[in-house]
Amino acid sequence: MFSSLQEKFHRDRSDRDSTLPRPIAPALVVTSAQNQSHLFFEYLVVVSLRKKRGEGTYEPQITYQFPKLANMRRSQREEEEKSLKAILLFCFPEGVNWAPLTEYASETFSFVLTEVDGSRRNGYCRRLLPSGKGARPPEAYCIISQVACFGLFSKIFDEVEKRRQISMAMIYPFMQSLREAPFPAPGNTVKIKSFIPESGTEVISLTRPLDSWLEHVDFRTLFRCLTDEEVLRVFASTVLERRIIFMADELSTLSQVLHAVAALLYPFTWQHTFISIVPSVLIDVVMAPTPYLLGVQKNKLDDVIDQSDVNSSVLSLAQIGDESTILPEKLQEELLQALCCRKDNSTSEELNKVVSEAFLSFFVKTVGHFPSHVKRRSGGQPGVFQINSFCKASEPKASRQFVKRFIQTQMFDLFIQEVERQPTQEGLVASLSETIGWNRIDYNSNLIWFIWIGTNKVQTH
């Protein structure tokens, strides 16, 4: 069977000069910034917690930034000031309820900023307890970049943190060298020279993963927190564009799991609200009637349950529990068999390969026959997708019920719209739609699935 999905997959894996990968989904609307996609990053900020005068609460404030806003044009500076306000929310999403600490485990997480023009930027954040004596609040380092590559920026944070322990002034020359360095192609390495007192000049190697479309994803956290069967249940609900809330104690767990779940949909793209870490001030987003993937810290459970709409939906879901029946039974078995091929000691790249190929194969077998059902018209006119014949041609018949439900989703709808715009069959999947649409109102379910993730296996409610 001819499969454009399969061809698209192999083209992406062999493309060594691909453009920078796009973020998976939107998080918060901010204003547009100057396009700097050729750079490693746009800017680095340090966010510290400062106690309010006369109050016992803390508020996040930017105490360091590189490059400075003063070096930007006025119009650009005004736009970035709006973005910085949004960044503060994601660096400390818990809000104002902080107390000085003597111990704090460092953690790294990410979020996505969506501009009003539809473009997106990635935020990478590392929180840690600054050097000093006595109890003190943590601080956060945040890098904003159009590059989606979590592992690469985690290593950059290691270098920033090492220099911060010496002096804040040591961060500047390293980040300046990084900013001037060319962003490497997939599989390539860039070397950054940086001087450190008493250590001399160091050469730091930063390597971009070979498979660029998965460089922002690490499936290890997902499969550490969930069993294979539970991953399939999450995948089934995500494919039908339901409302799903992930809950965990650690911000790093939330961001890594949500990005991994969204990556399971490839070559389709989650088209609805995606907030890997929901700040306290945005907790009302759980009341939205439209599909979403949300990450909420467990200490915010009461705030979520307080919403009456959410509470009733949770109870309804507990009674229905249809997630294990959404995917065709035979294909579920094949997915589980494919996932069993991964090894406990496999690298991130090896695990990504096993997982991505397993779920891509699922889409190939269920909807990979779509090219044969796009009627081409002369004169360069858009094609027309023959939806009825497409559904009838689904094999085996046991898959048809799933296909009939999947074709109602916005991710499939926008995928097919892109296919129809291609002038020839060879160009059917030359690009995937990045449009974030909100015009669909016939959603599959108003139910909400709570997924508890942490050091133990998942608990669903």
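**Figure 1. Helix α7 in the predicted model, a helix largely enclosed by the rest of the structure.** The model shown here and in the following views is predicted. Twelve of the 13 residues of α7 are buried, so the helix is largely enclosed by the rest of the structure. The buried positions are L251, S252, T253, L254, S255, V257, L258, H259, A260, V261, A262 and A263. Helix α7 covers residues 251-263 and reaches 19 Å from its first C-alpha to its last, close to the 18 Å expected at 1.5 Å a residue.

**Figure 2. The largest cavity and its lining.** About 60 Å³ of space lies in this cavity, and the structure holds six cavities of 30 Å³ or more. The lining is formed by S110, F150, H216, V217, D218, S255, Q256 and H259. Helix α7 provides the largest share of this lining, with three residues.

Figure 3. Leaving aside neighbours within four places in sequence, T238 is in contact with I244, V261, L265, W270, L293 and M411. One of these partners, V261, is among the buried residues of α7.

**Figure 4. The second largest pocket.** This pocket has a volume of about 410 Å³. Of the 22 residues that line the second largest pocket, P209, E215, S348, E349 and N352 are the closest to its centre. Elements that each supply at least two lining residues are α3 (150-164), β8 (200-207) and α12 (348-367). The largest share, five residues, comes from α12. The lining of the second largest pocket comprises seven nonpolar, six polar and nine charged residues.

**Figure 5. Helix α2 and its buried residues.** Helix α2 has 18 residues, numbered 74-91. From its first C-alpha to its last, α2 reaches 25 Å, close to the 26 Å expected at 1.5 Å a residue. Its buried residues are Q76, E80, S83, L84, A86, I87, L88, F90 and C91.

Methods:
Residues are numbered from 1 along each chain as its sequence is written. This is a predicted model: local features need pLDDT of at least 70, side-chain atom pairs count only at pLDDT 80 or more; totals for chains, interfaces and linings use all residues. Side-chain values use heavy atoms; hydrogens and water are left out. Helices (H or I, at least four residues) and strands (E, at least two) are DSSP runs, numbered from the N terminus. The expected span of a helix is 1.5 Å times one less than its number of residues. Buried means under 20% relative accessible area, exposed over 50%, partly exposed in between (1.4 Å probe, protein chains only). On a 1 Å grid over the protein atoms alone, a cavity is a set of points where a 1.4 Å probe fits but cannot get out, and a pocket is an open set with protein on both sides within 12 Å along at least five of seven lines; lining residues have an atom within 4 Å of a point. Grid points are joined across faces, edges and corners, and a volume is the space filled by probe spheres set on the points. Ala, Val, Leu, Ile, Met, Phe, Trp, Tyr, Cys and Pro count as nonpolar, Asp, Glu, Lys and Arg as charged, and the others, Gly among them, as polar. Contact means heavy atoms within 4.5 Å.
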